[in-house]
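Subject: Structure for you to look at

Hello,

Here is the structure I promised. Please open it and keep it in view while you read my notes.

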Amino acid sequence: MRIVLLGAPGSGKGTQAKRLMQERGVSHISTGDMLRAAAEAGSRFGQQAKDVMDAGQLVSDTLMLGIISERLAEPDAQTGFILDGFPRTRKQALDLDGLLQASSQSLDAAVLMNLDFEVLIRRLTGRRTCSITGRLLNIYFSPPEELEECINSGGELLQREDDNEETIRYRLDVYRQQTEPLIDFYQEQNKLKIVNAEGKIDEVYSRLLAILK
Ligand code: AMP
């Protein structure tokens, strides 16, 4: 399985990709996670990436090509992958096609996680990670007992630095301008599949599996 998950920030790409990885053993490649890890490691590149991410902007296409070409060359990616957060621009999509062609591979599908704008805002502003378990939660949508479980076990509900309302609106604008055109790009390649990303994680996951069959 070689797929790209397309969709605005907050559409659930990461959550669904993690589950596909757990249940199908396909490598989950999240460029956002890779950049956050670099930022945490504190290298000069990491610090630069952090500044760009905190501002809600995109890291340059040239840098992203370097990152993704190295990652796709790793052994686990040879049998398949789920790309989450890449490509985000037309240039990145063309670069990805070039990289795959060079190794005689191709994408099976680009899956758009489709979600209403207002739901996106609530998902993003409510998004938290439990500091102990690393579990993704949402103060608006998660069952209260899951939120309490984290707090009662001494954990904190952490918010990503780029999940404040101002940066969220900016990131959604960037998505509309730079990433949304990829919907047509993959439609023209006959690779586009659309999943209704509204509702419970399990429901969305079932729809995703059905579409990937
Ligand atoms: P994400 O976790 O996918 O929402 O990504 C968080 C941030 O990382 C984005 O807002 C960008 O600043 C950066 N980022 C992640 N993937 C890419 C990409 N493919 N191209 C450019 N910037 C990216």
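Which helix gives the largest share of the shell around the ligand? Helix 2 does, residues 31-41, with four residues. Bear in mind that this is a predicted model.

Now the rest of the ligand's surroundings. There are 15 residues around the ligand. Thr31, Arg36, Gln57, Gly85 and Gln92 come nearest. By class, the shell splits into six nonpolar, five polar and four charged residues.

Next, look at some contacts atom by atom:

- Arginine 36 has a polar side-chain atom 3.0 Å from an oxygen atom of the ligand.
- Glutamine 57 uses its backbone: a polar atom there is 2.5 Å from a ligand oxygen atom.
- Arginine 88 places a polar side-chain atom 3.0 Å from a nitrogen atom of the ligand.

How much of the ligand does the protein cover? On its own, the ligand has 480 Å² of accessible area, and the protein covers 96% of that.

Then turn to the surface. Ile139, Tyr140 and Phe141 form a nonpolar patch there. Together they have about 290 Å² of accessible area. Find phenylalanine 141 in the loop between strand 6 (136-138) and helix 7 (144-152).

Why is phenylalanine 141 called partly exposed? Its relative accessible area is 45%. Buried means under 20% and exposed means over 50%, so this residue falls in between.

Best wishes

Key
Residues numbered from 1 in each chain as written. Predicted model: local features only at pLDDT ≥ 70, side-chain atom pairs only at ≥ 80, totals over all residues. Heavy atoms only, no water. Patch = residues over 30% accessible without salt bridge, like charges linked within 9 Å, V, L, I, M, F, W, Y side chains within 5 Å. Areas by Shrake-Rupley, 256 points an atom, 1.4 Å probe, with all protein chains shown as cover. Salt bridge = Lys/Arg side-chain N within 4 Å of Asp/Glu carboxyl O. Helix = DSSP H or I, 4+ residues; strand = E, 2+ residues; numbered from the N terminus. Buried < 20%, exposed > 50% of the residue type's maximum accessible area, 1.4 Å probe, protein only. Near = heavy atom within 4 Å. Polar contact = N/O pair within 3.5 Å; in protein donor to acceptor, adjacent residues only side chain to side chain. Nonpolar A, V, L, I, M, F, W, Y, C, P; charged D, E, K, R; others polar.
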